[in-house]
Amino acid sequence: MTGTAAGSWLVRGKDGRLTAYAPCGGGLLRWTETRPGGPGWTGPEFVAVADLTDLSVSQGGDTYVHFLGRRERRRADGAVEVDVVHAIQYQTGRPVTEWRSLGNPHGEPERAARFGVPAAAVDAAGTVHVFVRNAGGGLMMRREGRGGKWEPWADLRGADVMDGLAATAASTGHIQVLAPAGDAALHWIQPEPGAVPERSHDVRPGPVPGSAAALETAPGRLTWFWTDPLSGGLVCHRPGGWSVPLGGAPSDGGNAVLRASLDGYDCTVIAHRGAAGGVLVGVCGTEAESSGLWWTDTGRDCVGDPALVHDAYGRVVLAALGPDGALWVARQQPQPGLVLEEWVRV
């Protein structure tokens with residue numbers, strides 16, 4: 001086990017069962033609930049895919065799970081070939097499709113070797129959009145067109161883009177991308193569903209690479225959460241407003257975000273690995289972040305980033321990978337506020 005995948009590594013399928021994924025040497029591991037709502041699980045099952053350096057997981061409204069990987073293969077002459085590969089899981093517990101190469105837009109071997117780590121988002125029509133930093137520090141996009149045929153790589157430009165992209169789709173069908181770039185966050189948004197994303201306003205200061213996550217906090221409106229490299233704390237940002245400091249002491253990893261109804265109030269739940277290695281959970285009113293977050297240390301150390309999802313009964317589920325490679329899960333108890341049950345080793 002080699003940490004956690006980027007994106008949505010804990011998902012709920014159409015049948016209500018949860019599935020968790022983790023990259024490992026030679027492929028990925030998969031755990032699956034035996035019935036909706038648990039508590040039983042099967043796994044980990046091993047899914048073979050060779051030569052991956054990075055893995056990202058994304059789920060669309062059709063509940064299909066998309067896997068995007070960065071692959072490095074060494075040729076007999078010692079040169080390294082880099083490409084992006086894609087596979088799909090259509091149903092909970094079913095096999096993963098064949099891994100297909102999406103290629104690399106760079107023809108020169110030296111530039112191709114510097115191609116970055118993919119991130120993906122799936123729009124309301126089920127179209128997969130893949131975003132990757134190119135060798136020159138700009139942003140590239142490739143997406144699935146009509147009939148399953150992939151369009152060519154498109155250059156969305158930008159400068160000084162780093163790995164650690166965050167891509168998401170709003171319920172309106174618009175895809176948005178946030179990219180760390182030096183001291184700024186570069187922002188792209190589709191002017192209309194299906195269009196090529198266009199540059200929006202930059203935000204300063206930008207995020208720690210890989211820390212940004214988006215949550216739809218009103219119809220079509222995203223709130224972005226990320227770790228501030230200057231203060232070391234969490235901030236949130238909505239386009240058109242100022243970034244709001246939220247405190248906390250995250251590590252250099254990612255943040256998981258989820259909306260949940262708690263005691264009849266619309267709330268935002270945030271989870272990340274703290275600087276000391278433990279899983280921290282924060283709760284605030286949705287779009288009322290400036291009123292403060294309430295942070296809790298769950299007492300469980302983890303590697304990589306924790307994940308959040310609702311189970312088949314609407315309960316908040318928090319998952320993390322332990323230092324021993326085991327999957328640990330904690331579910332919301334039927335009590336006021338957000339009280340989690342004891343961690344269970346899967």
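This dialogue walks through selected features of a predicted model.

Trainee: Where should I start with aromatic contacts? How many aromatic pairs does a search of the whole structure find?

Mentor: There are 4 aromatic pairs in the whole structure. Tyr21 and Phe67 are edge-to-face, with 5.0 Å centre to centre and 80 degrees between the planes.

Trainee: Which parts of the chain does that pair link?

Mentor: Distant ones. Tyr21 is in strand β3 (residues 18-24) and Phe67 is in strand β7 (residues 65-74), 46 residues apart. Both Tyr21 and Phe67 are buried.

Trainee: And why is the pair of Phe67 and Trp99 called tilted?

Mentor: Because the planes stand at 40 degrees, with the ring centres of Phe67 and Trp99 6.0 Å apart. Edge-to-face needs planes over 60 degrees apart, and stacked needs under 30. This pair also links distant parts of the chain. Phe67 is in β7, while Trp99 lies in the loop between β8 (80-89) and β9 (100-103), 32 residues away.

Trainee: Is Trp99 buried or exposed?

Mentor: Buried, because its relative accessible area is 16% and the cut-off for buried is under 20%. Phe67 is buried too, at 0%. Together, Tyr21, Phe67 and Trp99 make one aromatic cluster.

Trainee: Which residue gives a contrasting case, on the exposed side?

Mentor: Lys14 is exposed, with a relative accessible area of 68%. Lys14 lies in the loop between β2 (10-12) and β3. Lys14 and Thr63 are 49 residues apart along the chain, yet their C-alpha atoms are separated by 6.0 Å.

Trainee: Next, charges over rings. Which residue has its charged end over the ring of Trp188?

Mentor: Arg199, whose charged end sits 5.3 Å from the ring centre of Trp188. A second case is Arg300, which lies over the face of Trp328 at 3.6 Å from the ring centre.

Trainee: On to sheets. How do I read the strand order?

Mentor: Start from the pairing. Strands of a sheet pair through backbone hydrogen bonds, either parallel or antiparallel. Here, 4 strands form an open sheet in the order β26-β27-β28-β29, with antiparallel pairing. β26 (303-310) and β29 (344-345) are at the edges, each with a single partner strand, so one side of each has no neighbour in the sheet.

Trainee: How many bridges join β26 to β27?

Mentor: There are 5 bridges between β26 and strand β27 (residues 316-321).

Trainee: What about the hairpin of β20 and β21?

Mentor: Strand β20 (residues 234-237) and strand β21 (residues 244-247) run antiparallel and are joined by 3 bridges. Val235 stands opposite Pro245 in β21. The hairpin has 6 residues between the strands, and Gly240 takes a positive phi near 95 degrees.

Notes:
Residues numbered from 1 in each chain as written. Predicted model: local features only at pLDDT ≥ 70, side-chain atom pairs only at ≥ 80, totals over all residues. Heavy atoms only, no water. Pairing = 2+ DSSP bridges. Helix = DSSP H or I, 4+ residues; strand = E, 2+ residues; numbered from the N terminus. Phe/Tyr/Trp six-rings, centres within 6.5 Å; stacked < 30°, edge-to-face > 60°. Buried < 20%, exposed > 50% of the residue type's maximum accessible area, 1.4 Å probe, protein only. Lys NZ or Arg CZ within 6 Å of the ring centre and 35° of its normal.
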